[in-house]
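Hi,

Here is the structure we talked about. Please have a look, then read the notes below.

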Amino acid sequence: MIALDPATNRPKFINVRVKRQDGPGQEPYWQLFKIDYEPELNVITILQRIAALSKTSDGKAVTPVVWDCGCLEEVCGSCTMQINGRVRQSCSALVDQLLKDNPDEIVLEPMSKFPVLRDLMVDRKRLFKALEKVKAWVPVDSYYDMGPGERQLRAAQEQNYPLSQCMSCGCCVDSCPQYTKIELQRRSGESDEAFAKREAEAFDKAFIGPHAISQAMLFNNHPTGKAIAGERMEALTGPGGIQACGNAQNCVSVCPKEIPLTTSIARAGRAATVYTIKKWFEK
Amino acid sequence: MSDSNSDSSGQPSFFTKHEFAIRRLHSLTGIVPLGLYMCVHLTTNASLLNGPETFQRAVFLIHSPGHLLPLIEWGGIFAPLIFHAGLGIWIAKTGRINSSQYRFTSNKRYSWQRWTGFIALVYLFLHVMHLHGGVHFEGWINAIDKVGLGQFRPYNAGSSLVDAMHRGYGVVWPVIYLVGVLACVYHFINGLWTAGITWGLWISPNAQLRATKVCVALGAVLTVISLSAWAAAVFPSAEDAAKMRAVEDRMYEEGVEAGTVPEMEHKRDLRNRDAIDEADEEENTQASKIQFEPAA
């Protein structure tokens with residue numbers, strides 16, 4: 001069904017333009033690849049064909065394009081990249097659909113907000129640091145049996161389930177105009193530890209991103225998770241917190257899991273208002 | 001990229017530490033006092049359409065605090081405005097506009113919020129210099145009057161406003177005001193909508209959609225008011241201004257006599273008084289003619 005109608009003229013070739021980069025901090029460059037058309041390809045198979053070919057459209061032998069992938073069914077988030085200018089998972093990006101929108105070529109670029117490691121592979125460390133910052137977990141250590149947890153109301157379940165589908169892919173932050181790239185250069189003679197510390201400090205001050213705000217709301221609404229709700233609110237109202245949101249609302253538009261991120265952001269805004277006023281009077 | 005500002009060894013600056021509160025204050029000042037003030041200001045100006053008396057009455061009321069007025073102006077308008085603008089520039093610099101890549105309506109609104117903010121900042125500076133002059137020192141007002149700035153005279157409100165618009169070939173200022181006022185209206189209404197999300201008033205997509213409709217309606221009303229205010233200042237001719245001036249002078253003189261208007265000669269338009277006196281006489285003779293007619 002998805003494949004182009006065989007009656008119409010199928011293309012013989014697919015042009016794939018890839019933005020490549022040999023290593024962190026190096027200059028990116030473009031290469032054009034030409035692969036044979038096959039029906040029902042996805043972008044991952046295209047990258048596999050390119051790897052097998054290892055040749056640009058003008059016949060120059062090149063190293064295979066590097067990319068990251070895991071589950072191949074849009075639940076791990078690791079194959080996220082910019083396809084035709086829009087951030088999404090390459091496993092669920094179907095070539096026949098892409099060719100319908102733009103029959104001339106498919107453009108692949110790495111995510112724009114994370115440091116490129118090589119070609120289409122990026123370092124998404126900051127994404128996970130933000131989850132650590134808002135303590136996006138249920139604080140139990142599992143040493144003792146604490147008995148059954150508090151009963152969750154159906155309405156709360158229905159509110160929480162969509163938020164729990166987040167796979168930390170980074171589409172939301174990549175499309176967010178308020179989330180800007182942080183790429184530090186290692187200073188000469190700087191140790192691994194010193195560099196990691198400097199990087200963590202830079203991450204700490206920068207915007208945490210929609211995914212972390214949404215996860216904070218998920219766990220603040222969880223019967224056990226809410227035990228440390230105040231700590232999450234401290235993180236949300238601290239440096240790089242919810243105040244950095246500019247309400248462009250791209251996050252909710254690009255989220256592959258259709259998570260109501262802007263609803264989470266508005267709820268976090270209300271929670272932050274109440275929390276700050278309470279703190280003001282109670283401290 | 002962020003290399004330079006990551007040198008501070010762990011100690012966040014005052015601004016970083018209180019960023020949340022400072023940005024909430026930015027959001028608040030945009031609505032109260034600035035947005036609210038703009039609504040009152042535009043409505044007052046639009047009242048000129050009803051005649052110079054209505055407008056002049058409103059300006060007398062606004063100027064009734066007398067010597068306290070500069071305090072109110074600076075504390076209630078200029079200081080919040082400078083804070084809002086300064087922080088606004090910083091906020092705009094923390095983002096990277098990408099509405100050409102992600103063409104969603106809300107993303108375009110985000111970009112426009114920043115562009116109109118810059119337009120509003122430049123425009124409001126020009127507007128304050130053009131009509132108000134910034135500070136009330138007589139020497140300063142006289143000096144900038146020579147280059148066509150500080151043109152407004154509160155006790156000749158309508159006429160000095162109309163005359164000020166006629167400067168610059170009668171085109172330059174009207175165009176600046178049209179663009180500037182519309183940018184301000186957009187910036188305020190869109191800011192009101194995003195503030196509702198920021199403070200957590202409208203949360204669900206449905207609630208945000210309803211809020212959008214209310215804001216669009218508010219924006220439409222405010223646009224009509226602002227265009228009325230603009231038209232009332234731009235369209236009257238020099239003769240209309242002279243007639244307005246006669247009315248204003250009469251209101252001032254009678255007001256001072258009645259004790260309802262504090263006597264402050266420097267708030268009157270005393271430039272080119274000869275021409276005005278002529279117009280006054282003409283007005284008086286016309287008035288006397290009208291008065292005599294029934295008797296004849």
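Predicted model: local features only at pLDDT ≥ 70, side-chain atom pairs only at ≥ 80, totals over all residues.

B:His266 sits in a loop of chain B, between helix H10 (238-258) and helix H11 (273-295). B:Ala217 is 49 residues from B:His266 in sequence. In space, the two are 41 Å apart, C-alpha to C-alpha.

**A helix pair in chain A**

Next, helix packing. In chain A, helix H7 (residues 210-220) packs against helix H10 (residues 261-282). The angle is about 65°, and the axes are 9 Å apart. H7(A) is therefore roughly perpendicular to H10(A), as the range for that term is 65 to 115 degrees. The crossing of H7(A) past H10(A) is left-handed.

H7(A) brings A:Pro210, A:Ile213, A:Ser214, A:Ala216 and A:Met217 to the contact. From H10(A) come A:Leu261, A:Ser264, A:Ile265, A:Arg267 and A:Ala268. By class, that contact has 7 nonpolar, 2 polar and 1 charged residues.

**Where chain A touches chain B**

Now the interface. Here 32 residues of chain A are in contact with 30 residues of chain B. On the chain A side, the elements giving two or more residues are helix H6 (192-205), helix H9 (250-254) and H10. H10(A) gives the most, with 7 residues. The chain A side divides into 9 nonpolar, 16 polar and 7 charged residues.

Best wishes

Technical notes
Residues numbered from 1 in each chain as written. Chains lettered and ligands numbered in written order. Helix = DSSP H or I, 4+ residues; strand = E, 2+ residues; numbered from the N terminus. Axes fitted to C-alpha atoms, helices over the stretch in contact; angles between N-to-C directions. Parallel < 35°, antiparallel > 145°, perpendicular 65-115°, else oblique. Left-handed = near helix turned anticlockwise from the far one by under 90°. Contact = placed C-beta atoms within 7 Å. Nonpolar A, V, L, I, M, F, W, Y, C, P; charged D, E, K, R; others polar.
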